[in-house]
Amino acid sequence: MTGLRSGSATDVGRRRNLNQDMILEAHPIFAVADGMGGHQGGEVASLTAIEALRDAFRREAGADGLEQAITAANTAVAEKARSSADLRGMGTTLAVVALVADGDDDELLAVANIGDSRIYLMRNGELTQLTDDHSLPQELLRQGQLTEAEAAVDPRRNIVTRVLGPSFGEGPDMQNLIPYAGDRIVICSDGLYNEVTDRDIATVLRTIADPKEAARRLVDEANANGGADNISVVVVDVVDDAGRAETASEVLADDPRPARRASALMTADERNAELRELGRNEGGAGGAGGGASTRARSETWESDAEPDVHEMPSRRVTGRVIAFLLVLLLVLGGAAAAIGFYARGSYYVGLDDGYVAIFRGRPGGLLWFQPTVEETSKLTQSAVPDAYADAVAEGHEVTSRADAERYLANLVDTANPSPPAATTSTTTAVPPDTTPTTAATPTSTP
Ligand code: MN
């Protein structure tokens, strides 16, 4: 039995209006998705991927199940992208860690990545990046065309070479990791590592024991350094490895040959590297992906068409005045209708009297249009996973009622993960916090 403990945080950052990242913290599976695409495409892509991943993995766990689940997530994102012009071309990264069975009575951590989100391992105080970024400079680095220093500052690092949706390519890189007590795993979006150096990430992981607090601190540091992008962090700690580490030490202690023992003890770090190598599937490291289609991450916001301007004929002064008043009325009426459409034409997930609810309208209302409660859930504010607490308190906006329901379902699932069959867990997202955070509760009267 492997015991895991986790914590997470996600934040819009300081420059963006929308958080297009999505995190999954549902023991035994943890993930970060970083969506991209104009309008709300990025948000829809990351949410679609996380839901499809979670549902498919629930149907079939295991390392093979995980790879299939990621393929299913890719299909879900691609299909959704085809369903609407606004969503065309949307995509998302996906970085996943899942505890899976290894034979009858052992367990492994399956590690999967596609895109430029990252997974790090902190073991014996050393931080290692487990995943390769599927970004243009990193591909060029692997092909020997750029140095590491050049790749780190290359302006093309926002070009991803492989993502779910438009360019799945050879799919995710997969590897397995033997979990040892004391291991800390960090899954994060590029909003973290573009702002916080590996050294500073390691310092936070060494100094803050609680995974939730560590995740929050990492997000805070990224914001303090500029917060140019959405920031998401999931920290997963291995708190119990079923005596695996102890057994390993006993084997070493029983070994009568001192030389071998010494070398075995010395190679703790090398062994990690070796495990990494062993765990890598042969399909993962295809370096010659030069022909892969690339996709800029930059947003493409389509500007609205210019409104038509009508000129009224003017014969006499009174005619002109009447015409002007008519136009004015039309314009005002049109504006009121447009504002009404905007104010009432969307949904958000927010708080109604301490319970998470689906609202129609805009958080806080707009002019005389107040949001109305469409559906109240049994999820209390204090049970909302911390990573979503701020978003829900402020009101998380979505484009449709269906998206609101899916967002709410994801919240409920994350708040009450189904109990794992063969593992013990102390996921910190589960127990409700007794101190509710303050929130601007939107009024629900029309
Ligand atoms: Mn990002």
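Author: Buried means under 20% relative accessible area, exposed over 50%, and partly exposed in between (1.4 Å probe, protein chains only). The model is predicted, so local features need pLDDT of at least 70 and side-chain atom pairs pLDDT 80 or more, while totals for chains, interfaces and linings use all residues. Residues are numbered from 1 along each chain as its sequence is written, and side-chain values use heavy atoms, leaving out hydrogens and water.

Reader: Why is D34 called buried?

Author: The relative accessible area of D34 is 1%, and the limit is under 20%; D34 therefore counts as buried.

Reader: Why does D229 count as buried?

Author: D229 has 11% relative accessibility, which also falls under 20%.

Reader: What makes D34, D190 and D229 donors of the manganese ion?

Author: Donors are N, O and S atoms within 2.8 Å of the metal (3.2 Å for Na, K and Ca); water is not among the atoms, so sites may look incomplete. The OD atoms of D34, D190 and D229 coordinate manganese at 2.1 to 2.2 Å, with the spacing D-x155-D-x38-D along the chain.

Reader: How do you know that strand 14 and strand 17 pair?

Author: Pairing requires at least two bridges found by DSSP; strand 14 (residues 347-352) and strand 17 are joined by three and run antiparallel.

Key:
Helices (H or I, at least four residues) and strands (E, at least two) are DSSP runs, numbered from the N terminus.
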